[in-house]
Amino acid sequence: MGGRKKKDGTVKKVTDRVSSNMLESHRMAIVGQLFRGAAHDMKNPLAVILQGSEFLGYSETLDDSAKKIIGMIGKAASRIDVLIENILGFAGPATGEAQSTDIRTLIDESLALLGPQLSNSFVQVAKDFPQSIPGCTVNRGEIRHALVGMLMNAADAIPEDGIVSIEVRQVLYESGKSSVAVMVTDNGCGIPEDNLDKVFDPFFTTKKDRGRMGLGLAAARDIVERHNGHLSIESKEGKGTSVLMVLPAE
Ligand SMILES: Nc1ncnc2c1ncn2[C@@H]1O[C@H](COP(=O)(O)OP(=O)(O)O)[C@@H](O)[C@H]1O
Ligand SMILES: [Mg+2]
């Protein structure tokens, strides 16, 4: 195996890159484990705060202003609780069995998980869901992971204000089979044509400065293909990007 010739004529060994990437992903796996442990440890003291504030809320000896403060403490604690649940759901082991799933629910869960990141920017989210959609038999944690990666990319691509639209459709085939399609479209920076065939490569990223690792689309495609589905991308530089996930329907 040789190296890839860089513009300045130097050759960077592909093997160097691979081993440092492996170290990096190993480090990430350890960070994930530590985080899961810490999140579990936070649940118990948090439960004390939640139950304590609920109990005090019913107290007859406290005045209204004290109860108001206790209510605020309870609300703040339950927000942390939701965040921890979301992180545990996302970082948790992807061992779950495949289950009959409404893809709209997974999208909503992914949006909740990304809430803080989406609302920090001026990103608008527009959902276009049908009234009813067949279920898909999927590993929920994995498909949620793929969706979060797609949504995060859309948010990343939008510099200031912009729109991320999420469209869900049923696709019927002549054979009588059907699929569920999820299209995530953003009107962000788009992808230069030269990069389009690299975006599914593991560790390909144009966002190293933002701490991204280049695993989002590679992982998403791997997950979707293991579910016998397809993941594809279309983009125009300066205009925006659409990522299409197609999963077999039940
Ligand atoms: N919606 C998008 N808009 C613009 N560029 C995108 C989008 N999705 C992916 N890309 C490009 O593809 C690259 C790889 O994406 P991904 O695998 O998710 O890795 P990461 O987000 O960690 O960089 C990104 O660095 C970016 O250059
Ligand atoms: Mg990404």
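1. How many of the 18 residues of H4 are buried? The count is 13, so H4 is mostly covered; buried means under 20% relative accessible area, exposed over 50%, and partly exposed in between, with a 1.4 Å probe and protein chains only.

2. This is a predicted model, in which local features need pLDDT of at least 70, side-chain atom pairs count only at pLDDT 80 or more, and totals for chains, interfaces and linings use all residues. Residues are numbered from 1 along each chain as its sequence is written, chains are lettered from A and ligands numbered from 1 in the order in which they are written, and side-chain values use heavy atoms, leaving out hydrogens and water.

3. The chain has a mean pLDDT (the predictor's confidence in each residue, from 0 to 100) of 85, with 82% of its residues at 70 or more. Over residues 1-6, pLDDT stays under 50. Where pLDDT is low, the predicted coordinates should not be read in detail.

4. Helix H4 covers residues 140-157. Asn139 caps the N-terminal end of H4, with a side-chain oxygen 3.2 Å from the backbone nitrogen of Gly141.

5. In helix H6 (residues 216-226), the buried residues are Leu217, Ala218, Ala220, Ile223 and Val224. Their cover includes H4, strand S8 (230-236) and strand S9 (240-248). Asn228, with a positive phi near 60°, follows H6.

6. Phe129 lies in the loop between strands S4 (122-128) and S5 (136-138). Phe129 counts as partly exposed because its relative accessibility is 24%.

Methods. Helix = DSSP H or I, 4+ residues; strand = E, 2+ residues; numbered from the N terminus. Contact = heavy atoms within 4.5 Å. Expected span 1.5 Å × (residues − 1). Polar contact = N/O pair within 3.5 Å; in protein donor to acceptor, adjacent residues only side chain to side chain.
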